[in-house]
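Subject: Model for you to look over

Hi,

Here is the model I promised. Please open it before reading on.

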Amino acid sequence: MTNNVIISIVAVFAAPIIGGLLDGFDRRITARLQNRFGPPILQPFYDFFKLMGKEKMVVNQTQMVYVLAHLFFAVASLLLLVLKQDLLVLLFVLAFSSISLIMGAMRVNSPYSKIGAQRELIQMLAYEPVLILMVVGVYLTTKSFMISSIFEYEYPLLYKLPLVFFALLYVLTIKLRKSPFDLSTSHHGHQELIKGLTTEFSGPQLALIELTHWYDLIILLGLVAMFFANPLWVGILIALGAYFIELVVDNICARVTYQWMLKATWLVGLGSAGVNIIWFYIRA
């Protein structure tokens, strides 16, 4: 019990620090790929504290409630991950985090914000079935929904579920809102919806949304590392390699339409994961 408390406290404080550093490397690598020098690695933290120090301006009084719910469910998902709890519950809680942000964006009259929220819902409709298939694949392999069973399994999941792993990497691009799937909002300045989903958030609200993004990043990379949990350091290297690939893809791909994204995700993501699960079931 004491160990779980210590692990939880360390995870809650360490995750945003690591996530912020990865975000800083993202900005620097993106700049170098675009033949620019780029900001300091610690720039995301400078931006965070600057936003926290700004005056609290809200368009709708309930927005802050949804932002806090967005953060709370992300932290809860992280704790489920580091404590090796139920994977299916983790995904449901993570989905509640995304829905909270969507609800906050829908509470204002800005067309940019509402269209961004609608696109975020479409993205969830695209990737959530793929994540459910990932859980099904894990259950068929380990005979349990518990993340702890993955660490106890004799072989890395990557050996048994390579196509499911590929589908997860595909979903990673959507969840991180990287090109070509930065439809609802974008970290870059080429979005026709201004900032889309987060247009009407500012100051401390926007800072907390960015903080939640750092938590989400660690959770998603943790799911990637989960496929090579023995030894875990190999899984971490694979997760970092996958993140670097995401950065490259983000800089070489043009954004697609949400219709194309939905069809492609169901075809590629559901298709590859489904084929892997059927193949594994037949062999078993």
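Predicted model: local features only at pLDDT ≥ 70, side-chain atom pairs only at ≥ 80, totals over all residues.

Residues are numbered from 1 along each chain as its sequence is written, and side-chain values use heavy atoms, with hydrogens and water left out.

**Helix H9**

Start with H9, residues 203–225. Helices are DSSP runs (H or I, at least four residues), numbered from the N terminus. H9 has 23 residues and spans 33 Å from first C-alpha to last, close to the 33 Å expected. The expected span is 1.5 Å times one less than the number of residues. Of its 23 residues, 20 are buried (under 20% relative accessible area, 1.4 Å probe, protein chains only).

**Core**

The largest nonpolar core has 76 residues. Such a core is a set of buried Ala, Val, Leu, Ile, Met, Phe, Trp, Tyr and Cys residues joined through side-chain atoms within 4.5 Å. Leu87, Met134, Tyr215 and Phe227 touch the most other members. H9 supplies the largest share, 14 residues. Leaving out residues up to four places away in sequence, Tyr215 touches Val12, Ala15, Pro16, Leu71, Ala74, Val75 and Leu78 (contact: heavy atoms within 4.5 Å).

**Pocket**

The search used a 1 Å grid over the protein atoms alone; a pocket is an open set of points with protein on both sides within 12 Å along at least five of seven lines, a cavity is a set where a 1.4 Å probe fits but cannot get out, and lining residues have an atom within 4 Å of a point. Points are joined across faces, edges and corners, and volume is the space filled by probe spheres set on them.

The largest pocket has a volume of about 690 Å³. Its lining has 22 residues, with Leu81, Val82, Ile218, Gly222 and Ile236 nearest the centre. H1 gives the largest share, seven residues. The lining divides into 20 nonpolar, one polar and one charged (Asp, Glu, Lys and Arg count as charged; Ala, Val, Leu, Ile, Met, Phe, Trp, Tyr, Cys and Pro as nonpolar; the others, Gly among them, as polar).

**Cavities**

There are two cavities of 30 Å³ or more. Closest to its centre are Ser98, Glu120, Lys175, Arg177 and Asp216, out of 14 lining residues. H9 gives the most to this lining, four residues. By class, the lining has six nonpolar, four polar and four charged residues.

Definitions and conventions. Helix = DSSP H or I, 4+ residues; strand = E, 2+ residues; numbered from the N terminus. Buried < 20%, exposed > 50% of the residue type's maximum accessible area, 1.4 Å probe, protein only.
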